Every structure is written in C-alpha cells, then in structure tokens.
Amino acid sequence: MGAEIELNEDESIAVFSARRVRNRLRADGGKPIIAFRETLAWGRERLVGLFHEGTPADSLVHARAHLVDEVLREAWTQFLPQSSGGLALMAVGGYGRGELLPYSDIDLLVLFDEASLEASKSQLENFFAFLWDIGLDVGSAVRSVPQCAELAASDVTVITNLTEARPLIGDLSLFAALQEAMRPEHMWPVDAFFRAKVAEQQARHAKYDDSAYKLEPNVKESPGGLRDIHTVAWVAKRHFGASSLTELRERGFLTKTECDELFAGQDFLWRVRFALHMITGRHEDRLLFDHQNKIATLFGYEDPDRNRAVEQFMQLYYRTIKSLSCLNDMLLQLFEEAILGKGQDLEPKPLNSRFQLRGCYIEARADDVFQKAPSALIEVFALMQQHPKIEGITTGTLRLIRRDRRLIDDSVRSELRSRSLFIGMFQQGPGLTRALRRMNRYGVLGRYLPVFGQIIGHMQYDLFHTLTVDEHTLRLVRNLRRLNMTLFHHELPFFSDVMGRIARQDLLYVAGLYHDLGKGSGGDHSEAGAVEAEKFCLAHGLSHTDAELVCWLVRNHLLMSLTAQRQDISNPEIVTAFATKVGNRSRLDYLLVLTVSDIRATNPALWNSWRESLLRELYHSAGRALERGLDNPMTIAEKVAEQRRTAYALPGARDVDGALTDRIWGRFTPDYFLRHSPAELVWHLAAIANTTEDQLPLILVRTLDGRGTTVFVYMRDRDHLFGLSTGVLAKLGLNILDARINTTADGYALDSFVVMEGDGTPIENVHRFEEIGSALRKVLADPSISVVDVNRRRATRLRHFDTPTNIHFSQDTAHGRTMLELVTADQPGLLSLIGRVFHKRGILLDAAKIATIGERAEDVFYITDRQHQPITNEKVLDELREVLTRTLNSAESTHK
C-alpha cells in the first residue's frame, strides 16, 4: 500500500527534494560510485537526525523510499537510456509500498519483452553491479509479464508482492500489462486471496505460539506486528483496489477513531523498527534484550532503576500490539462478511432482550445496548461461555464494545448484576479461559478489574518470566482448567487426579487470576495481591471462609515451589515446618495444583521431570506429616529407619548379603539415607558391594524415579572433589539441578548430581551415559588434576543482564552447619568455581540446592570447616563473601 509520496523543495514537509538529490548524485567529478555512496550516507544521517527530532516515523520511512527512488532512477538513466522501450524498473514488496527503513531490503523487479532484454542484458548486469557497489542491499528479479503471471497464479506470496508493485522508471505499458494480468478475474479471486492470506497469518502466528507477549518479540512478524497491518492492507487492495488504508475509512470500513488508532500503532512500530536499524547498523526486526534498554533510552524513558525504564517502554509496546491485534481481528472479520458474505443472509435468533445470534456469532440487538446497561459488557462474554458453539462477536457489536467499554466505572463495578455475571463465569468453569482472554483482548477485563488493567503489558526484565504478567496470568488459569479436563488428563495425570479432589475449583481460578496482580503496585506482590483478592471475593458475594482460602493461596502461591527448590525436603523437620504453614490436606491440594500451573505458565523451560519429582515428593511428605499429626512430627531417626526398611524390601537389596549390607550402610551418615530414595539406596548398594578398592572411583549414571539423570560418585574423598566433578559436568554441557554431598566416617565420598542437557531436555542416550561416566572417571582418578577449565562461552542472552552477586549466611544449628545463600549471574562452570574457592579456604561442602532462574543462579550451600563444625566467625564469613564475589564477578566478565 502507500503510493509514492511526492516531495519538492517548496514543501516544508519535504525531506529529500528530487532536484537536490539529483544534484548531489551528479556532482561526481567523474566518480559516480563515490557520489552515490555519499548521497546515501547523507540521506541516512539526515533521517537519523530527524528521528532524534521526533519526526513521525511514517515520514521517515516514506522519505527513505523517496531517496532510494531518486538514486535508482538516476542510476538507471546512466546505464539504460530512459527513452528505450521494452524495459521497466519496478519497486515491489515493502519498497513497493513506499516504506523503507535505513537498512531494509530493496526489492526490485525488471519487466521486459524478449527483444529488449537481449539488447540490454550487459547494461542490466552493470546496473545491478553498480547498486551493490554503492551499498544498496538489493533483491532483484528479471521477468516478462507472462512469467510473472505464471508464478503469481500459483503462489500467494508472489501475487502479494506484485500487487504492491510500483513503477520507478521505464516502459509504463509493461506495468499496465502486469496489472491487467493480475486482475482478480484472471487469477486469485478476492475470496481465494482472502482465505490464503488469513491462513498465512494463522500459520505465522502459530510460529510465535499465537502470542505477541514473548520476551523478545519480532516487531514485524509476531502477532499484532506490522505484518498484521500489511495483511489488512493487502486484502483491502485486492478487494477494493485501495491504494491506502485511509480508503477503508472513506468506504466506511474504519471509523475515525479506529483509523487514528491503526495509524498511531503503525507509526509506533515503524519507530521501533527504525531505532532497531539505527542502533544495530543492519536490517533487524527482533526486539532483543540487548536492544530494549537502548531503545527505551531513545524513546525518553528514564528511571534510577534501569530495568524499570525498559519495562515501561515494553509495556507501551505490548499494549500497542494488543490494540493492533484487536483491530486486525475486527477488520478481517469485516472482510469475511463483505467478501465471503458470512452471516449476511442469516436470520437472527434472539438469546434475550439484549443479544441475539446471527449464525455462530453473538450480536447486540440495538446500538445502545451497552449505553443503557453497561453490565451487558460483561454479559456478552458470559453468554458466549454459556453457549460454547458461539464462535465470536459480530463486527458491529465489537465496535460497540470498543466504543462503550469506557462506561465501565465504579458504579458498574459495584452493580449486583455485573458482579453476579462475572463471578458466575468462574463458578461455571468450562469456557472460562476463552471468556477471560476475549475480555482482555477487547479491553473489558482491565476496565472491570482496574488492578488487572495495571499489569496489562507489564513485563519483568529477566529470563525467568518469559511472558507479560497478564498473559502469564491467563495461561495459569488455562493450565488450571486443563487439569480438570479429561482431554488433557494424559499430560499430567497425577496432578489432574489431585485437581479432581478439589471441592471449590472456582476459588482456585480466582486465586489464579489474582496471584500476580500485586505486581502492578510495587512491594511484596503476594501480600498486595492477597489484599486485592479479599476485596474482590467479599464484593462478589463469596463468604469470609471462601475469601480466606483465596487470600491464603495468593499470599502463599510461592511457598511450595520455594520450599521444594531451595530447601532440603529430605529433612523431616523442613517438611514439618512446611506442613505447619499449610495446615490441612485440602489446602495442600489447592496449593499443589496452583504451584504446578504457575510454574508451567511462567516459563515453559522451567517444567521438567526434576521439578515435578520435587513437588510430588514434598506433597507426599507433607501429606504424611499432616496425617501423622503436626504435634507428633517424624524424627530424623524414624525417617532413616523407614528409608532403610523400604530399601531392604526392594528386590535388588536381596541380591546383597545382609551382613555385607549392614557393614556398608553402617559406614554412612543419616543424611545419606535422608537424601536418597530407597531405589537409589539399593542401586548404590549393589554397585558398591561389587566394586573393589582398586576399581574406584565408581561412577554410576542412570535415569531413576523420573527425577532426571542422576550421576553418582563413590571414591576415597580427595581435595576439590566437588569442583572437579561439577567442572567435568559443566564442560560436557550439562545443567546441574541438584547436588547431594556425603562423606563417610572412614573418608569415602558419596556424591550425587541430578543433571539434564544444557537445553533442558532429559538425557536418554546410553552412549551419553557412558560419555559422562568416562569423563568423570578420567579426571577423578588422576590425583595430579586439580582444576577443570570450563571453556564454554556464556549464552548470548545472559550477557544482557546485570545480576549483582549477593551472599547471605545463616546458621543451621540443628545440623551443625552454616547455610550460604548465593544469588549471582549464571555462567558456565559456576559450581566448579565455587568449589574451587571452598577448597582453597578449607571449607567442606555438606550439601547444595541448585536453582537456575533464567539469568540468575540462586543456590544454597551447607558448609562446615575442616573439623566438620559450623563456621561462626564473622571475619571468616566476610572474607569468604569477598573472595566469592570477586571470583564470580571476574569470571563473569571473562565469559561476556
């Protein structure tokens, strides 16, 4: 779309006048390449200056196209006489629309007739070589009109590009012939073209998981991006022959407000793309982390907290594409009605006094429905939930919703009818996710719940939260619903079974909706969210008992995941403390399914068999503690005895002589039995019983109990064992999820590591098992090796985040050890570096809890001195903190 803009010296809006550009191009002094290059550089600098002055982006992209037009015309006249017939130079694609960014591809088509091409072949070759020499990134095709028609007839992408063709110079009769050949009566009738472009958009959206709310969106291709605007424009041009989107308003397809919103959104995205080209010096459409902070600064966002500024910018970005997605939906539906005639000849069927059905679409029965009863803005979505065969909302009613949603104010929010309709959606259950998504998409949910409106488009600048808060929240509710659906029972059968035991699932959905809404207010989001949840529950007619449960879930929605991932849940005292906070089995069930749904909605890479096993273990342990009675907690001695009894009963244990089993296990500490499952105890026992001293180190690698892959090391303890082991595993590209460190009274190490591949996938190849075992055995058996250098570079995405190293010490007096909590930037070989520091300072590692949260490592280490005593000397701890901080920061700088 977008006809070539005409700029001249007499117009104040002119950026590049044709006369001025030509004068610069001809001032070559016999060196045209230099003149053309300098003109293009001058033009780019001029555009950058105008960008900084705040010139609208549409002026910039059209001005860039206008400059290139003049450059190409002048070059053509130098290599091919303008008077010669039978050849024409065409701009196609985005350039055909008259839209060019500083480093956009310049797509050209040369139309020819056979005689002219043969006579001008060498001149054309020289012309295109010259374009490359002057620095233009040109994509070109040389075809006759029949060739173009043949390709276009079979490929919707080709017909789309040719639809946007714009003549630059040459024989205009060829362009006229091309236009005639491509008319809808000859190829791609309007209805077929429309269906193809809609299918193309659906496939493109699916490529981006149907979400525009990813951490690093593509400004052009992601849902809500510029390509969605292009899709509307292409269909409009094919259907109406419209040369600009403005004509949609003139034809009544767009209101003035919608047209203004569309062009404002387009201008914003163009401005973002212009900035991307400017700061990268190349064609770039991805809004990567490295670019987001720079563009936030360019757009004038400032904040003492650098992350807060970029979050404000990205919130504007996400809200813009949300608005454009809504417009795209509505316009394509309008075209569907106009082109395919969908629903036009159907008689409406009343649903009630306010709404009716027209085919599979719901429609307001009068234009003033929402003005007379603003609560109908909630009712329309409730009706769609109650009637799942309704596919959507008619475009006329969508317009009314967009026009009247502003009417939702405090008086509407306090109406009994509005509240009854909204809470009824949660109580019905089926269709809730679709209803909430539609309410959010069309701008109603944030109006009805202002606290939700505050977090729309809100992102957190890290790698842990991969979606905006509103998108994450709605995905969490979707995950809860899927746990309750037979269709998805196979995904997580255990958790689906727990979901089936929950009596008030509506309260769980409300807790899911509110769990993160406190992030819009600052401070502790769990506490803030609980306060808002209580107001909501009581205002919507729920009892104080129901409100208390919802508030408890919101306030404690992180309790289970933090306990499972950061504490030693093999310790019955930790489990009892957790169970005490939960209080009863019913709350435990609620909390489990909320936790699972939250993790899976936060970051798809977070959910794996290891995290699942941790949550299931904590759930079962806490359940047993509740059944036993919190006033009669299990002791460590009882837990050890239970573990040993269970292991004794397993088939593998019977293969080892009982007396030998007693001798082997008699050397091991209680912690060893606490930290390993009965199946692991038997696995270790059988291998140790059949291994002689000269066969050590014993390395076992196996996937067991659905916990991920466990690597077990048994050998005489040696200096820097933890650092060497973790260094080898890191060098192999593995992620270490957990480390359990034990030493026997007679000086043997029993170390276990749970690992996965670097991309988060489980290890299933037996050859990979052998590779891990061989690499560890080679290093650990050689006493001369004291360091393993991990030469892997830090992942590119991690380099854009500054995570200061923070270390906190506390005393685990019950177990006679010191707890070191570390937050630092993740980097290759991190655990090996930490182990090296521990070794040099004479510190023994008793256990470790490993958690990598996006770009952050949040690890917990239980340490003692060489006499196995806790480290209580503040000076020693301060020195350890200083050395660790210096070492990790230095290593991070090296990896960047």
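What is the relative accessible area of E532, and how is this residue classed?

Modeller: E532 has a relative accessible area of 27% and is partly exposed. The classes are set by relative accessible area, found with a 1.4 Å probe on the protein chains only: buried means under 20%, exposed over 50%, and partly exposed in between. The model is predicted, and local features therefore need pLDDT of at least 70 and side-chain atom pairs pLDDT 80 or more, whereas totals for chains, interfaces and linings use all residues. Residues are numbered from 1 along each chain as its sequence is written, and side-chain values use heavy atoms, with hydrogens and water left out.

E532 forms a salt bridge with K535, and their closest N and O atoms are 3.8 Å apart. A salt bridge here is a side-chain nitrogen of Lys or Arg within 4 Å of a carboxyl oxygen of Asp or Glu. Because E532 and K535 stand 3 residues apart in helix α26, about one helical turn separates them. Helices (H or I, at least four residues) and strands (E, at least two) are DSSP runs, numbered from the N terminus.

Helix α26 covers residues 525-539, and S526 belongs to it. S526 counts as buried because its relative accessibility is 7%. With neighbours within four places in sequence set aside, S526 is in contact with V554, R555, H557 and L558; contact means heavy atoms within 4.5 Å.

The buried residues of α27 include L549, W552 and V554. The buried part of α27 packs against α26, and also against α25 (505-514), α29 (572-582) and α30 (585-602).

The whole structure holds 56 of them. In one, E74 is joined to R26, with the closest N and O atoms 2.9 Å apart. Since E74 lies in helix α3 (residues 57-79) and R26 in helix α1 (residues 18-26), this pair ties together parts 48 residues apart in sequence. E74 is buried because its relative accessibility is 7%, while R26, at 49%, is partly exposed.

A further salt bridge brings together the side chains of E471 and R437, at 3.4 Å from N to O. This pair links distant parts of the chain, for E471 is in helix α23 and R437 is in helix α20, 34 residues apart. E471 is buried, with a relative accessible area of 6%, and R437 is partly exposed at 28%.

On a 1 Å grid over the protein atoms alone, a pocket is an open set of points with protein on both sides within 12 Å along at least five of seven lines, a cavity is a set where a 1.4 Å probe fits but cannot get out, and lining residues have an atom within 4 Å of a point. The volume of the largest pocket is about 1,300 Å³. A volume is the space filled by probe spheres set on the points, which are joined across faces, edges and corners. Its lining has 36 residues, and H205, D210, D329, R441 and Y442 lie nearest the centre. Helix α14 gives the most, with 8 residues. By class, the lining of the largest pocket has 12 nonpolar, 10 polar and 14 charged residues. Ala, Val, Leu, Ile, Met, Phe, Trp, Tyr, Cys and Pro count as nonpolar, Asp, Glu, Lys and Arg as charged, and the others, Gly among them, as polar.

The largest cavity has a volume of about 170 Å³, and D568, S570, D738, R740 and K849 lie nearest its centre among 17 lining residues. That lining divides into 8 nonpolar, 2 polar and 7 charged residues. The second largest cavity, of about 50 Å³, is lined by residues including H472, D516 and T602.
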